[in-house]
Amino acid sequence: MWRELAPIGRHTGSGGYRRYAWTPADADCRAWFRAQAEDRGLAYETDRNGNQWAWLGDPAAGDAVVTGSHLDSVPDGGAFDGPLGVVSSFAALDELRARGARPRRPLAVVNFVDEEGARFGLACVGSRLTAGQLTAQDARALVDADGVSLAHAMEKAGQDPDAIGADPERLARVGAFVELHVEQGRALDLLDRPVGVASAIWPHGRWRFDFRGEANHAGTTRIEDRRDPMLTYATTVLAARKKARLAGALATFGKVAVEPNGVNAIASQVRGWLDSRAADEGTLAEVVTAIEQAARERGARDGVEVSVVRESFTPVVEFAHELRDTLAALLGAGAPVPVLPTGAGHDAGILSAAVPTAMLFVRNPSGVSHSPAESAAEDDCLAGVSALADVLEGLACR
Ligand SMILES: [Zn+2]
C-alpha cells in the first residue's frame with residue numbers, strides 16, 4: 001500500500017506532497033482508496049460530502065467502529081500525516097482477518113476529504129460538513145487561490161455540490177471513531193515508546209497585533225526622536241517566547257507585515273500574527289494577556305500604539321474519557337501506554353463533538369511534520385497497525 005501511494009502527488013523538485021482536495025492528485029488517492037476497499041471485498045461508498053467509506057459488515061446495524069484519517073496534504077507535506085492512518089486502518093483489518101477475529105459490530109475505514117484545507121483555506125471541510133459544523137452554503141462559497149469555488153471544484157471532480165451538508169443519520173451509525181496519526185512532536189521519542197493514546201487537543205487561537213509608530217528617515221532621525229514600531233514588535237516576540245516557556249505553553253509569531261517595508265525607512269506600522277496554544281483555556285488566556293501587557297508596556301516607552309484583535313479561537317477538545325481509558329487498557333498489557341495531548345487539529349477533534357472519539361499516535365523521531373522531512377520508522381508503523389488491530393478487536397470483536 002505504501003509503495004502504491006508513494007508517487008501520487010509528489011513534487012519532484014521539493015520531494016514533498018501536493019495532494020490538494022478535488023485535484024487530479026486527490027482523485028488518484030481516492031481511486032487508490034476505492035481499489036483497496038474493493039480488493040478486500042469491503043462495501044465502498046462516498047457520502048454526500050465526498051468522504052470515502054469502506055465497510056465490513058452492515059452499516060445499517062449501527063454502533064459501528066470506524067477508523068481512518070485523510071489522504072490530502074499541506075503544500076509540500078510529508079508522506080505520513082494522514083496516509084499513515086488510512087494505510088494502517090486497512091492493514092489493521094487485514095490483521096484482524098489473519099487473527100480470525102469475528103466482528104460483532106460493523107467496522108469501517110474512512111478517508112475524510114480536505115482535512116488540511118490547503119486549497120480552500122479551511123481545515124477539516126469533509127468532517128465539519130458531516131458534523132454540521134460548516135453550512136453547505138459557506139462551504140460551497142470557499143474559493144481557492146485561482147478563484148475556483150469549492151462547489152465548482154467538486155462538480156469538476158464528479159461530486160454533486162448541491163448534495164453536501166450535515167449527515168446526522170450517518171453519524172448516528174458510528175459508535176466509536178479511532179484515528180491513528182503520526183505524532184506531530186517528539187513526546188513519544190522522548191519517552192522511547194512507539195505508540196501513544198491522545199488525551200486532548202489543546203485549545204488554540206490566532207491574534208493580530210498592530211504596532212503603530214511613525215515613518216521616518218533611517219539616516220537623519222535621531223534615536224531620541226524615533227517612534228519605531230519594529231522595536232516594540234521585537235520585544236513582544238521575545239516576551240511571547242518567555243511567557244509561553246514559563247507557562248508550559250506555546251506562542252509563535254510566524255507572520256509579519258511591515259509598512260512601508262523599506263530598508264532605509266523607520267517603519268510606520270508592524271503587524272504581527274500570534275499563534276498560541278496551551279493545555280487549558282485558562283493558561284492560554286493568561287499567556288496571551290501577559291504578551292499583550294508586555295507589548296503595551298514597551299509600546300508606551302517607544303511611543304508606539306498597540307492594538308490586539310483575536311482572529312480565531314478553537315476551544316479544547318477532550319477525547320471521550322471512557323473510550324480513551326478503554327484504549328489505554330487494551331494497549332497497556334505490558335507497560336502503561338503513554339497518554340499525550342497534542343497541539344494540532346484533526347478530523348477526530350471535529351467528530352468528537354458528535355461521537356465518542358479517540359486517537360493513536362505513532363512515534364515521529366524528529367518531531368517534524370508538514371514537511372518532506374516528516375518520518376516514522378517501519379517498525380513503529382507496524383507497531384501502530386498492531387495497536388490499532390488490538391483496539392478494533394477489543395471494541396468490535398468481543
Ligand atoms: Zn493529519
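Visitor: What is the bridge partner of Val182 in E15?

Guide: Val362. Keep in mind that this is a predicted model.

Visitor: Which way do E5 and E15 run, parallel or antiparallel?

Guide: Parallel, with 6 bridges joining them. E5 covers residues 174-182.

Visitor: And how many bridges join E6 to E15?

Guide: 3 bridges, and that pair runs antiparallel. E6 spans residues 195-201. Val362 turns up again here, as the bridge partner of Val195.

Visitor: Which residues of E15 point which way?

Guide: Thr357, Met359 and Phe361 point one way. Ala358, Leu360 and Val362 point the other way. In a regular strand, side chains alternate between the two faces of the sheet. Both sets in E15 are buried.

Visitor: Switching to charges. How many salt bridges are there in the whole structure?

Guide: A search finds 24. One of them joins Asp94 and Arg40, at 2.8 Å from N to O.

Visitor: Where do Asp94 and Arg40 sit?

Guide: Asp94 is in helix H3, and Arg40 is in the loop between H2 and strand E1. They are 54 residues apart, so the pair links distant parts of the chain.

Visitor: Is Arg40 buried or exposed?

Guide: Arg40 is buried, at 15% relative accessibility, because the cut-off for buried is under 20%. Asp94 is partly exposed, at 31%.

Visitor: What does Asp76 form a salt bridge with?

Guide: Arg18. The closest N and O atoms are 2.8 Å apart. Arg18 is partly exposed, at 31%.

Visitor: How far apart are Arg324 and Glu318, N to O?

Guide: 4.0 Å, in a salt bridge. Arg324 is buried at 16%. Glu318 is partly exposed at 46%.

Visitor: Which residues do shared partners join into one network?

Guide: Glu95, Arg99, Asp390 and Glu393.

Visitor: Last topic, the surface. Which residues gather in a patch of positive charge?

Guide: Arg241, Lys242, Lys243 and Arg245.

Visitor: Where is Arg241, and is it buried or exposed?

Guide: Arg241 is in helix H9, residues 229-247. Arg241 is exposed, with a relative accessible area of 59%.

How values were computed:
Residues are numbered from 1 along each chain as its sequence is written. This is a predicted model: local features need pLDDT of at least 70, side-chain atom pairs count only at pLDDT 80 or more; totals for chains, interfaces and linings use all residues. Side-chain values use heavy atoms; hydrogens and water are left out. Patches are made of residues with over 30% relative accessible area and no salt bridge: like charges are joined within 9 Å, nonpolar side chains (Val, Leu, Ile, Met, Phe, Trp, Tyr) within 5 Å. Accessible areas come from the Shrake-Rupley method with a 1.4 Å probe; for residues, only the protein chains shown count as cover. A salt bridge is a side-chain nitrogen of Lys or Arg within 4 Å of a carboxyl oxygen of Asp or Glu. Lys and Arg count as positive and Asp and Glu as negative; His and the chain ends are not counted. The place of a charge is taken as NZ of Lys, CZ of Arg, CG of Asp or CD of Glu. Helices (H or I, at least four residues) and strands (E, at least two) are DSSP runs, numbered from the N terminus. Buried means under 20% relative accessible area, exposed over 50%, partly exposed in between (1.4 Å probe, protein chains only). Two strands pair if DSSP finds at least two bridges between them.
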